[in-house]
Amino acid sequence: NIRELESIVDRGRWPAIDPAFNTGCVAACTVTTCSCTFMDYYWSSTSFQDGPGNAWLVGVEDGDVNYAFKSNIYYVRAVRGGL
């Protein structure tokens, strides 16, 4: 959800993603050896209350939180937290 996705953002740095979630993308990357974060928006599973055709997303470049039509194309990333 949007709170879980925001929990990996660190607005005190640029890009605004905690380094643990951006260890570098190389050709030999696998899901168990590195974490790649592209500088773009990432979807959350939280719908926008005033428009259920929209969902919340977070920009990892600067930590911007916004919403967009669910038909738009952005990245997704698995996050899980106790928030």
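Predicted model: local features only at pLDDT ≥ 70, side-chain atom pairs only at ≥ 80, totals over all residues.
Good morning. I begin with a charged pair: Arg13 forms a salt bridge with Asp10, and their closest N and O atoms are 3.0 Å apart. The term salt bridge here requires a side-chain nitrogen of Lys or Arg within 4 Å of a carboxyl oxygen of Asp or Glu. Residues are numbered from 1 along each chain as its sequence is written, and side-chain values use heavy atoms, with hydrogens and water left out.

How many salt bridges does a search of the whole structure find? It finds two. Besides the pair already named, the side chains of Arg11 and Glu6 meet at 3.3 Å, N to O. Are these residues buried, exposed or partly exposed? Buried means under 20% relative accessible area, exposed over 50%, and partly exposed in between, with a 1.4 Å probe and protein chains only. Arg13 is partly exposed at 38%, and Asp10 is partly exposed at 27%. Arg11 is partly exposed at 49%, and Glu6 is partly exposed at 28%. In general, side chains of opposite charge can pair when their charged atoms come close.

I turn now to the sheet. Three strands form an open sheet in the order β1-β2-β3, with antiparallel pairing. Strands are DSSP runs (E, at least two residues), numbered from the N terminus, and two strands pair if DSSP finds at least two bridges between them. Because β1 (41-48) and β3 (65-69) each have a single partner strand, they stand at the edges, and one side of each is left without a neighbour in the sheet. Strand β2 covers residues 51-59 and is joined to β1 by five bridges. Within this arrangement, Phe48 stands opposite Gly51 in β2.

Ala55 also lies in strand β2, and Ala55 is buried at 4% relative accessibility. Its C-alpha atom is separated by 5.3 Å from that of Tyr67, twelve residues apart along the chain. Contact means heavy atoms within 4.5 Å. Leaving aside neighbours within four places in sequence, the contacts of Ala55 include Trp43, Phe48, Tyr67 and Lys70.

Next, the aromatic rings. A search of the whole structure finds seven aromatic pairs. One of them is formed by Phe48 and Tyr67, stacked at 3.8 Å centre to centre with 10 degrees between the planes. This pair links distant parts of the chain, with Phe48 in strand β1 and Tyr67 in strand β3, 19 residues apart. Rings of Phe, Tyr and Trp (its six-membered ring) pair if their centres lie within 6.5 Å; planes under 30 degrees apart count as stacked, over 60 as edge-to-face and the rest as tilted. Phe48 is buried at 14%, whereas Tyr67 is partly exposed at 37%. Elsewhere, ring pairs link Phe38, Tyr42 and Tyr75 into a cluster.

Which residues make up the largest nonpolar core? The nine are Ile2, Leu5, Ile8, Val9, Ala16, Ile17, Tyr42, Val58 and Val60. Such a core is a set of buried Ala, Val, Leu, Ile, Met, Phe, Trp, Tyr and Cys residues joined through side-chain atoms within 4.5 Å. Leaving aside neighbours within four places in sequence, Tyr42 is in contact with residues including Leu5, Val58, Val60 and Tyr75. In soluble globular proteins, nonpolar side chains tend to be buried together. Thank you.

Definitions and conventions:
Helix = DSSP H or I, 4+ residues; strand = E, 2+ residues; numbered from the N terminus.
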